[in-house]
Each structure stands twice: as structure tokens, then as C-alpha cells.
Amino acid sequence: MSSPVPPRVPAFDVVLRGFDRRQVDDLVDRANVTLTTLTGVPAFTDAAVPVPGLPERRRPEPISAAELRESSLDVILRGYDRSQVVDVLSDLVDRITEAESRGDRG
């Protein structure tokens, strides 16, 4: 039995008034790097992952569950659907929280 393959980054719908796409993409990349670092498995297959040797300025910074939970996003014209983004970010907060708690016990 093979291990499950992480899903691709969610394709958010673009709506008239939605969350800033760059901000959302940045948060998803940072969460993906964090989960990859903590668990060894990325949340999404085509989001950013830590790459050894990549210059520091090109690596997304890890993000804590608390920082992700408290992040605010700008609402702009032609942004990502807000409810879809909130659902994905909530799931990422839960997954990072779980990974952080397992790391504290180890």
C-alpha cells in the first residue's frame, strides 16, 4: 500500500471582490513550507517546499499556526473567493497546530 500523494494547490475561483491573490498564494506557500519542515510531507504538491541551496531571499518563511490564524487579507477586485480561501486556511491552521504539538512532544 502506497502513502497518499498530497493534493495539488487548490484552484480558488476568482470573484469580483475577493481576497488578494498574492497574499493568499504567499500564505499557502508559507504553510506548505512549514508543514514540509515539521512533518516531511507537503500539504500540496505544487506549492513551495523547502529546497536546500535555494537563496534565502527566494525561500518562503515558515509560519506558525497562530500567525496563520491571525493573518488578515485585503479584499480586492478580482480576488480569490473568500469562503474557499477561509476553508483552506482553516484546514492548514489545524494541520500546522497538530504538527507543532507533535513536535513539542518529541
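Reader: How many aromatic pairs does a search of the whole structure find?

Author: This is a predicted model, and a search of the whole of it finds one aromatic pair. The pair is formed by Phe12 and Tyr80, with 5.0 Å from centre to centre and 45° between the planes.

Reader: Why is the pair of Phe12 and Tyr80 called tilted?

Author: Rings pair if their centres lie within 6.5 Å, and planes under 30 degrees apart count as stacked and over 60 as edge-to-face, the rest being tilted. The centres of Phe12 and Tyr80 are 5.0 Å apart and their planes are at 45°, so the pair is tilted. Phe12 lies in the segment before strand 1 and Tyr80 in strand 2, so the pair ties together parts that are 68 residues apart in sequence.

Reader: What makes Phe12 and Tyr80 count as buried?

Author: Buried means under 20% relative accessible area. Phe12 has a relative accessibility of 10% and therefore counts as buried, and Tyr80, with a relative accessible area of 13%, is buried as well.

Reader: What makes the contact between Glu67 and Arg30 a salt bridge?

Author: A salt bridge needs a side-chain nitrogen of Lys or Arg within 4 Å of a carboxyl oxygen of Asp or Glu. The closest N and O atoms of Glu67 and Arg30 are 3.2 Å apart, so the pair qualifies as a salt bridge. Because Glu67 lies in helix 2 and Arg30 in helix 1, the pair ties together parts that are 37 residues apart in sequence.

Reader: Which of these two residues, Glu67 or Arg30, is buried and which is partly exposed?

Author: Arg30, at 13% relative accessibility, counts as buried, whereas Glu67, with a relative accessible area of 37%, is partly exposed.

Reader: What makes Asp20 a cap of helix 1?

Author: A side-chain oxygen of Asp20 lies 2.9 Å from the backbone nitrogen of Arg22, and in this way Asp20 caps the N-terminal end of helix 1.

Technical notes. Residues numbered from 1 in each chain as written. Predicted model: local features only at pLDDT ≥ 70, side-chain atom pairs only at ≥ 80, totals over all residues. Heavy atoms only, no water. Polar contact = N/O pair within 3.5 Å; in protein donor to acceptor, adjacent residues only side chain to side chain. Helix = DSSP H or I, 4+ residues; strand = E, 2+ residues; numbered from the N terminus. Phe/Tyr/Trp six-rings, centres within 6.5 Å; stacked < 30°, edge-to-face > 60°. Buried < 20%, exposed > 50% of the residue type's maximum accessible area, 1.4 Å probe, protein only.
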